[in-house]
Amino acid sequence: MSYVVDDIFDKLVDIEGAASRIIQGSEDQKVHKKAEYDQKVADYDKNLEAGIEKELSDVRKRLQEEEQMQLDALKKEAMEEEAKLDALYAKEHDNWVESIFSSIVSL
């Protein structure tokens, strides 16, 4: 009878050892899976950030190009207006001088 109890006890010890190994294997796998998950999250975040930076860079570049085009258009318009005023001055300055002079003399 003692042999049967010892045999049962040995089997229980074996079962407990197997259960401990299963639990330890599960814990090891859990640690490994967490490390994989953390790496995947870090990679995703890195790729997402790089994509956002590229998109922001593209938007900044496009806005700078648009701004430069608007500035160029304003410069061209200002130069055209200045040319018109210069032409008007060249054409009318004698008349303006005479008109101003006549106004002063008639006082």
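Me: Why are Arg 62 and Glu 66 said to be about one helical turn apart?

Reply: They sit 4 residues apart in helix H1, so about one helical turn separates them. A helix here is a DSSP run of H or I with at least four residues, numbered from the N terminus. In general, an α-helix has 3.6 residues a turn, so residues three or four places apart point the same way. Before we go on, this is a predicted model, where local features need pLDDT of at least 70 and side-chain atom pairs count only at pLDDT 80 or more, while totals for chains, interfaces and linings use all residues. Residues are numbered from 1 along each chain as its sequence is written, and side-chain values use heavy atoms, leaving out hydrogens and water.

Me: What makes the contact between Arg 62 and Glu 66 a salt bridge?

Reply: The rule asks for a side-chain nitrogen of Lys or Arg within 4 Å of a carboxyl oxygen of Asp or Glu. For Arg 62 and Glu 66 the N to O distance is 3.7 Å, so the pair passes.

Me: How many salt bridges does that rule give?

Reply: The count comes to 5. Among them is Lys 84 with Glu 81, at 3.7 Å from N to O; these two lie 3 residues apart in H1, about one turn of the helix. Another is Lys 33 with Glu 36, at 4.0 Å, and this pair also lies in H1, 3 residues apart.

Me: Is Lys 84 called buried or exposed, and why?

Reply: Buried means under 20% relative accessible area, exposed means over 50%, and partly exposed is in between (1.4 Å probe, protein chains only). Lys 84 has 54%, so it counts as exposed.

Me: How do you know that the length of H1 agrees with its number of residues?

Reply: The expected span is 1.5 Å times one less than the number of residues. H1 has 104 residues (2–105), so it should span 154 Å; its end C-alpha atoms are 144 Å apart, which agrees.

Me: Where does H1 bend?

Reply: H1 bends at Glu 92, by about 55°. That is the angle between axes fitted to the seven residues ending there and the seven starting there.

Me: How many aromatic pairs are there?

Reply: The count is 1.

Me: Why is the pair of Tyr 89 and Trp 96 called tilted?

Reply: Rings of Phe, Tyr and Trp (its six-membered ring) pair if their centres lie within 6.5 Å; planes under 30 degrees apart are stacked, over 60 edge-to-face, and the rest tilted. Here the centres are 6.3 Å apart and the planes are at 50°, so the pair is tilted. Tyr 89, at 49%, is partly exposed, and Trp 96, at 39%, is too.

Me: Which residues make the nonpolar surface patch?

Reply: Leu 85, Leu 88, Tyr 89, Trp 96, Ile 100 and Ile 104 make a patch of about 650 Å². Patch residues have over 30% relative accessible area and no salt bridge; like charges are joined within 9 Å, and nonpolar side chains (Val, Leu, Ile, Met, Phe, Trp, Tyr) within 5 Å. The areas come from the Shrake-Rupley method with a 1.4 Å probe, and for residues only the protein chains shown count as cover.
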